[in-house]
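Subject: Structure for you to look at

Dear colleague,

Please find below the structure I promised to pass on. I would be grateful if you kept it open while reading the notes that come after it.

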Amino acid sequence: MGRSRTSPVNIRQIYCAYSNTITRPRVRGIASNTTASTPTRSPTVQRTEWNGDRLTEKNVASKAEKAPWDWQRMVRARERRAAVLEYFGKLGSTQNRENAFQAHHGLHRPPSTESLTLSALVASGAHIGHSKSLMFPTFLPYAYGTRAGITIIDMEQTLPMLRRAANVVRAIAQNNGMILFVGTSPSLRPIVAKAADRLGPNGFHVGERWIPGTLTNRMGLFGTTVAREKNLRPDCIIFLNPLNNLHAIRECAIEKIPTIGVTDSNADPRIVMYAIPANDESVRTAELIAGVLSLAGQQGIKWRQSAANRPENLVEVDEDEENEDLHSMGQDDTRGL
């Protein structure tokens, strides 16, 4: 039997398909000519580069022909992305970085007293107490229960007690009182500093060790001149870690200064005048409570300033009354003569 003879058409098709896959030789600086049957491609040029010890030639696509294609592809990708965002943006949640909870909001953007919720307290870890064996007997009314040997603090009692303390701070700041924040630990120093900064000249803070005699021995500690010329007696003291400042609480009791404190399950809530049952070891809880109290004091200062600028508080003298007074005074002087 003879060999099978392949038709010329099949050979031409095979050759065209094969010729499209191989790289044809090009002359330097000139792109190779393509036949009419081959698909159009972006022209390429050869570029000579110095590679340390020898010259190398590379085939580089022409930027003049490649740039429009890349631009059109980028524009289409942006249009598709904008269409997807416009369609799916109407669905699902509307939260973003501005209105969603962030970990740093407790220090820099705390909630107000009216907007404070139980979920915010739970998110900050204020409900976690100490071990069940360390729970103080007088703290039992503020305990919700125990889980895995840990006392769970009842947030339904913490929230109204925190709002009550905020009302006290607001009233003191409205009457131009001095408020002192005390947090004597490295993690609480920026918190008390930020809280006192919100109150301006009415806010002070103690971030280092409380010096004994700060309230009871002011003349011996600060000097007679300073103790007489400056007001060194705060109108309210807020303790973020009261167990570490029991000597300061004793001085407040002697000087009859109202105290507000964050009391955990291992502390007696009666050591301070206005107790806030919460986790005293959580930094986020301290940021939240100090922020709420400082915003309440800031609101009281604004109320005092707005009340001072009201028209009814400004003394105005009527011109007619003033002229009558002057006329009567002139008559009196004439009678004296």
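This is a predicted model: local features need pLDDT of at least 70, side-chain atom pairs count only at pLDDT 80 or more; totals for chains, interfaces and linings use all residues.

Residues are numbered from 1 along each chain as its sequence is written, and side-chain values use heavy atoms, with hydrogens and water left out.

The largest nonpolar core has 53 residues, of which Ile-237, Ile-238, Leu-240 and Leu-293 touch the most other members; such a core is a set of buried Ala, Val, Leu, Ile, Met, Phe, Trp, Tyr and Cys residues joined through side-chain atoms within 4.5 Å, and buried means under 20% relative accessible area, exposed over 50% and partly exposed in between (1.4 Å probe, protein chains only). Helix α5 gives the largest share of this core, 10 residues. Not counting residues up to four places away in sequence, Ile-238 touches Val-169, Ile-179, Leu-180, Phe-181, Val-182, Ile-260 and Leu-293, where contact means heavy atoms within 4.5 Å.

Helices (H or I, at least four residues) and strands (E, at least two) are DSSP runs, numbered from the N terminus. In helix α6 (residues 189-198), the buried residues are Ile-191, Val-192, Ala-195, Ala-196 and Arg-198. They lie on the same side of α6, because the arc they cover around the axis is only 155 degrees, taken from the directions from the helix axis to the C-beta atoms. Their packing partners are α3 (105-108), β6 (179-182), β7 (203-206) and α10 (283-308).

Arg-170, which sits in helix α5 (residues 155-174), is buried yet has no salt bridge, since the nearest side chain of opposite charge, Glu-114, is 4.2 Å away, and a salt bridge needs a side-chain nitrogen of Lys or Arg within 4 Å of a carboxyl oxygen of Asp or Glu. For charge, Lys and Arg count as positive and Asp and Glu as negative, with His and the chain ends not counted. The side chain of Arg-170 does make polar contacts with the side chains of Asn-167 (2.7 Å) and Gln-299 (3.1 Å); a polar contact is a pair of N or O atoms within 3.5 Å, where within protein one must be able to donate a hydrogen and the other to accept it, and residues adjacent in sequence count only if both atoms are side-chain atoms.

Finally, Ala-148 has a positive phi of about 55 degrees although it is not a glycine, and counts as exposed at 80% relative accessibility. Lys-256, also not a glycine, has a positive phi of about 60 degrees and lies in the loop between α9 (246-255) and β9 (259-263).

With best wishes
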